[in-house]
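Open the structure in your viewer and keep the selection tool at hand. The stops below say what to select and what is there.

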Amino acid sequence: KDNIVLDSSYYGVVPAFGSNTMILDGNGYTISRGEYKGPFFDVNQEGSKFVLRNITLDGGAVWSGTDPATRTNSGTVLGGTGYFMYVGDGATLTLESGAVLQNNHVEHSAYNAAIHMEGGGTLLMKQGAVIRNNAAVANGDYGGVGSAVAMSASDTFYMEGGLITGNYASVAGGGVLSNGIFEMTGCKISGNVSGN
């Protein structure tokens with residue numbers, strides 16, 4: 001019952017297998033990146049479901065201000081597949097009240113900063129969930145897309161509540177980069193910036 005800081009020995013957890021459901025209720029605690037450079041969780045088992053509630057995932061960026069277009073980061077900066085969550089392959093991730101994904105800064109990567117989806121994943125975002133202050137920055141024309149959520153043509157995102165704000169992508173999709181099914185009801189996306 002405490003905050004967790006991930007070290008370099010951590011290696012992304014697959015939280016549920018088969019048709020199982022796992023619920024992670026953090027009771028208000030935080031999982032921070034520390035020295036770990038990869039995804040926090042891989043939600044990638046056909047038919048599995050993973051629920052996050054009352055927990056903050058923090059990437060360690062320390063921003064100089066609130067404007068995504070002009071702020072600088074004096075904290076952690078990652079390269080490669082440093083997003084918080086991978087969702088795909090017929091699995092479902094649900095972000096419930098109190099789930100916060102924040103302060104992740106990924107550079108020189110083909111992937112985004114918070115949630116990367118492909119291969120038929122489903123994301124449900126509920127009231128009280130927040131994705132904020134994440135950044136995906138390209139190396140030339142490579143990467144820098146979908147700093148909050150990036151989804152392929154086979155994925156589905158139901159945003160039934162919650163807030164996506166303060167995110168930045170140097171190329172495209174500062175808030176949500178949607179190539180699949182994206183439905184919004186009773187939620188808000190605001191204050192995100194895309195370079196293109």
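Select Arg53 and Glu96: they form a salt bridge, with the closest N and O atoms 2.7 Å apart. Arg53 lies in strand E4 and Glu96 in the loop between strand E7 (92–95) and strand E8 (99–102), so the pair ties together parts 43 residues apart in sequence. The model is a predicted one.

Arg53 is partly exposed at 25% relative accessibility, Asp25 at 38% and Glu96 at 21%.

**Stop two: another salt bridge**

Now select Glu160 and Lys126, whose side chains meet in a salt bridge (2.7 Å, N to O). The whole structure has three salt bridges.

**Stop three: the largest pocket**

Select Asp2, Ile4, Leu24, Ile31 and Ile55, which are the closest to the centre of the largest pocket among its 14 lining residues. The pocket holds about 210 Å³ of space. Strand E2 (residues 21–32) gives the largest share of the lining, six residues. Nine lining residues are nonpolar, three polar and two charged.

**Stop four: the open sheet**

Select strands E5, E9, E13, E17 and E21, which form an open sheet in that order with parallel pairing. E5 (78–79) and E21 (193–194) stand at the edges, each with a single partner strand, so one side of each has no neighbour in the sheet. Within the sheet, E9 (residues 105–107) and E13 (residues 135–137) pair over three bridges, and Val106 stands opposite Ala136 in E13.

Notes:
Residues numbered from 1 in each chain as written. Predicted model: local features only at pLDDT ≥ 70, side-chain atom pairs only at ≥ 80, totals over all residues. Heavy atoms only, no water. Pairing = 2+ DSSP bridges. Helix = DSSP H or I, 4+ residues; strand = E, 2+ residues; numbered from the N terminus. 1 Å grid on protein atoms, 1.4 Å probe; cavity = no way out; pocket = protein on both sides within 12 Å on 5 of 7 lines; lining within 4 Å. Points joined across faces, edges and corners; volume = space filled by probe spheres on them. Nonpolar A, V, L, I, M, F, W, Y, C, P; charged D, E, K, R; others polar. Salt bridge = Lys/Arg side-chain N within 4 Å of Asp/Glu carboxyl O. Buried < 20%, exposed > 50% of the residue type's maximum accessible area, 1.4 Å probe, protein only.
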